[in-house]
Amino acid sequence: MIDVITLILMTTGLIFFLCGSIGLLRLPDLYSRLHALTKADNLGLGLLLTGIALYQQDLLFALKLVLIWLAVLAASSASAYLIAQYARRQETGR
Amino acid sequence: MSELLFVCLAGLMLSLLLGLIRVLRGPEAGDRMMAAQLIGTTGVGILLLLSLLFNQPALSDVALILALLAAVAAAAFSGKQRETSND
Amino acid sequence: MIITNMLFIDILLVMSILSLAWATLTATDVRRSVIFFIAFGLLVTLAWARLQAPDVALAEAAIGAGLSGALLLTAVQLRPRGTLPSEALDNEKQNRSNRADLRSSAAIRWAVTLLCIVLAYILIWALLQALSSQTNDNLAQSVNANLANSGVSNPVTAVLLNFRAYDTLLELAVLLTAVLGIFALSEERAGYAPAGAVFNGLVSWLVPALILMAGYLLWVGAHAPGGAFQAGAILAAAGVILRLAGKPDIGLPVSSTSYLNIILVIGSGLFLLVGLTMLALGRPFLGYPEAMAGKLILFIETAAMISIAATLILAFIGGRPHNREDG
């Protein structure tokens, strides 16, 4: 049973991840690409990490994975804002 | 069950390749930096999968550091310097 | 089974690393090269992890991808407009002189290419020699035989801080010399604009997290991948992000030069002190007694971490810190 859940979680995570990366390639504008990057990829990573935590079945390791996911979330949202701010500055500065 | 890990690893490498294309192509500097962030997040996933495959818990420490330091690199990229220098 | 399945991933990694290296070297814009270099560092971290070398992967993630990236990005941003190669193309005279330079140095470029090929050949030959003589794996065997006496259970830390402690002492002295060079070059550069709300929010959780991570790496270095150098790099990243957010205080005691000097010297100084104490006790230089080895190593690593972090932060700000009267 756990195996099935792990399979579903990791595959869904992978799909979200790939969708985010394809969005990075295909979307027309830097700002829209930032959306694809931060939302889809972080969600995919979260699902993947949940699958990994279930696979390993170790409580401490699972807590560490939660920590890593929270760090990635907070760091990438701030980074996305900063990159967008930089791009805006480049546009209006010229 | 380890085949699942390999499939996920292959999928993440594919995502890495897509990010790489954006790094090499991206018309603006912001596109490239963003793709570098993607490579960082994908790297976190790959490192955790490798830590399972090789049974090496130290790689999860590397993943945590990668996540934290990617923010530092992005902040360095978009920092705005003061116009006047001190003295 | 792992080997054949990994082939796909290995090929992808190698191709990505090589193409990024090529792109870094041949990019026309310096900023572009630096971002390629950051991505290159990230991929090399994955390569080290794939090769099951977590210590090196840790060092590469902390120093290669994160800190070097921040350093290079700051250095590139400071070049005044007009000196980047892509911007010199507007000037026709500049253009002609550039082309003349290229023509006259073709011989030099051929010589350098030849030298690189010879070097690559020598390295490949040395690697094949090392791989073929596997029965004589003396280094790993002697390290593993003596690991129990070294006071730590991580072989990398044992080699760095106990068996070859003299080399590490000299490395710390080299870092100190680097700081002296930085001080001699200039005063610190102009700082950064004060951070907005989002950046301040990032700083408020990132700096404590980095400090905790550094302490954890320092402690865990005794029995798992980690150690003083990686911990020092993480602490330096905390100082770097404080600087980027425009805070006047970068985590160092910049208002007092004597405190700053103490922090810079404490790494190599305490190391030397421990070595001399061993001499005074009748033991060889840096020959720790077995019972105290673990504690001494932790003591030395803490001091080294502080010095390394201070050195890297000073390298980032670019020179002697100003005296801050407004505190």
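Modeller: Let us begin with domains, whose bounds come from an automatic or database domain assignment. In chain C, this gives domain 1 (1-79) and domain 2 (153-327). The model is predicted: local features need pLDDT of at least 70 and side-chain atom pairs count only at pLDDT 80 or more, whereas totals for chains, interfaces and linings use all residues. Residues are numbered from 1 along each chain as its sequence is written, while chains are lettered from A and ligands numbered from 1 in the order in which they are written.

Biologist: How many residues does each domain of chain C give to the contact between them?

Modeller: Two residues are in contact if their C-beta atoms, placed from the backbone, lie within 7 Å. On that basis, domain 1 of chain C contributes twelve residues and domain 2 of chain C contributes 14 residues. The centres of the two domains, taken over C-alpha atoms, are 25 Å apart.

Biologist: What is the make-up by class of the side of domain 1 of chain C that touches domain 2 of chain C?

Modeller: The classes are nonpolar (Ala, Val, Leu, Ile, Met, Phe, Trp, Tyr, Cys and Pro), charged (Asp, Glu, Lys and Arg) and polar (the others, Gly among them). That side of domain 1 of chain C has nine nonpolar residues, two polar and one charged.

Biologist: Which secondary structure elements are there in chain A?

Modeller: Helices (H or I, at least four residues) and strands (E, at least two) are DSSP runs, numbered from the N terminus. Chain A has three helices and zero strands. Its radius of gyration, taken over C-alpha atoms, is 16 Å, well over the 12 Å of the globule rule for 94 residues, so chain A is more spread out than a compact globule. The rule itself is 2.2 Å times the number of residues to the power 0.38. Along the principal axes, the C-alpha trace of chain A spans about 55 × 25 × 10 Å.

Biologist: How is the packing of two helices described?

Modeller: One gives the angle between their axes and the distance between the axes. The axes are lines fitted to C-alpha atoms, for helices over the stretch in contact, and angles run from 0 to 180 degrees between N-to-C directions. Helix α3 (residues 59-93) of chain A packs against helix α9 (residues 197-220) of chain C at an angle of about 145 degrees, the axes being 10 Å apart. Residues in this contact include Ala71(A) and Tyr81(A) from α3(A), and Phe199(C) and Trp205(C) from α9(C). By class, the α3(A) and α9(C) contact comprises ten nonpolar, one polar and no charged residues.

Biologist: How many residues of chain C and of chain B take part in their contact?

Modeller: Chain C provides 49 residues and chain B provides 44 residues. On the side of chain C, α3(C) gives the most, with twelve residues. That side of chain C has 35 nonpolar, ten polar and four charged residues.

Biologist: Is Tyr166(C) buried or exposed?

Modeller: A residue is buried if 20 or more other C-beta atoms lie within 10 Å of its own, exposed if 12 or fewer, and partly exposed in between, with C-beta atoms placed from the backbone. Tyr166(C) is exposed, having 12 other C-beta atoms within 10 Å. Its place is in helix α8 (residues 165-185) of chain C. Of the 327 residues of chain C, 35% count as buried, and for the 94 residues of chain A the share is 47%.
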